[in-house]
Amino acid sequence: MRLKMAGCSGVLVLPLMLAMAPVVMAQETAAAKAAETAEAESAKVMPEAPAAAPSRVGTWHARVVDGVEYVPLEDIRSFYKLMPMQPKGRKVAGQRMVGNGEVTLCFGPAPRELRIQERLCFLSHPVQEDATGDLLVSRLDVQQVIEPVLRPTYILNRRAVRTVVIDPGHGGHDTGTVTPYVREADVTLSVATRLGSELKKRGYEVRFTQEQNQYQSPQGRVDKANAAPAAIFISLHLNSGRSDMHGAQMYTVAPAGKNEKRLPGHEFSQASMALAMALQSALVEKAETEDGGCRRAHYSPLNSVNCPSVMAELGFATHPAEGTRLNTEEYQLKLAAALADGVDAFARVMNPASNLQVQKAPVVEPPPTPVKVDAPPVKAKTEPRKTQSRKKAQRRRAPARNNKRRNRRR
Ligand SMILES: [Zn+2]
């Protein structure tokens, strides 16, 4: 399905994807066959390509590594108008950062880690480095992780949010994880109820998959979500793991693999990633939880739900301090308020009326001259002095002059 941007004359959604397609088709190298396979595979999670790509989108130098189609970071920089940047603080080996005044992308240090505005996402394919030292990012990850966050107005199947379906992930005989600190079913139901009240106050229609600590089958959860109009689906859970593991994690539907059927959840995978990032950011900033990152998984409700959907792991029931904190009413309220803020942030960019406030389709220009971050020009050191006010400089010189005068008098 192809969408047109409201208020944006005939610009097709995902010009990024459209721009890449002709590049791949034109390849006549030994990798061409593999590229075709990758194309056929990724076509499952993309809208159909148009007859002709818009002329204003630049060339993407796609290449295939281990059967996966990659694009150079240089092309990503050029498309999104980003510059090389120096990561904050201590230099970490394997980290590569690009950005502009509004957004930063930091790849690494692990090959699947990407931080967008310091929020952690896990890529479907590890980044690679080519012979020139440029980073290669899988086309799928550009489309499914970077694109929906950087340009939410281009999200496939973008539509306004009216209903929020909240799924307390366990109930009845299914208690979820039980530890000495907390019971998963109790916390998820409590946060769900509080989140529901908060969202109702903010004008959303709210539905629950269950409200009375009842068991709900996986299909029952999916049916409730799919029956709601213009909805998003948020499934609430607690994580379990080693006793030192803590923090919130957000899961969205994993892209369809080779020879896998395209599922209803894949139609909204870009929107789901944007929703996950909005919720995760709100949890980290407002509930002050550790950022466990946005991840992809083949979980049953996420595959089958016909709307943007996430599974929110609010924290680790197995971590003594976090488990204890999750069990408090105060923290449950904080989590609910943060999640409601995340829903609001997502709903704002999904509303077609917000197009006027969000960026227009970027016109791809030749990449700007790279800035060498390792060796700043000598001039940079002298610059702050230039910005000193004349008075300040005079004040600083004054004692020296006075001493000279004093010396002369002597
Ligand atoms: Zn669970």
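Glu205 is partly exposed, because 15 other C-beta atoms lie within 10 Å, where a residue counts as buried with 20 or more other C-beta atoms within 10 Å of its own, as exposed with 12 or fewer, and as partly exposed in between, the C-beta atoms being placed from the backbone. The model is a predicted one, in which local features need pLDDT of at least 70 and side-chain atom pairs count only at pLDDT 80 or more, while totals for chains, interfaces and linings use all residues. Residues are numbered from 1 along each chain as its sequence is written.

Glu205 belongs to strand β11; helices (H or I, at least four residues) and strands (E, at least two) are DSSP runs numbered from the N terminus. Beyond its neighbours within four places in sequence, Glu205 is in contact with Arg162 and Thr163, contact meaning that the C-beta atoms of two residues, placed from the backbone, lie within 7 Å. Between Glu205 and Val165, which are 40 residues apart in sequence, the C-alpha to C-alpha distance is 8.5 Å.

Strand β11 (205-208) is also among the elements that cover the buried residues of helix α6, together with β10 (163-168), β12 (231-239), α8 (300-304) and β15 (309-316). In α6 (residues 218-226) the buried residues are Arg221, Val222, Lys224 and Ala225. They lie on the same side of α6 because they cover an arc of only 160° around the axis, the arc being that of the directions from the helix axis to the C-beta atoms.

Helix α4 (residues 139-150) is mostly covered, with twelve of its twelve residues buried.

Across the chain, which has twelve helices and 15 strands, buried residues make up 42% of the 410 residues.
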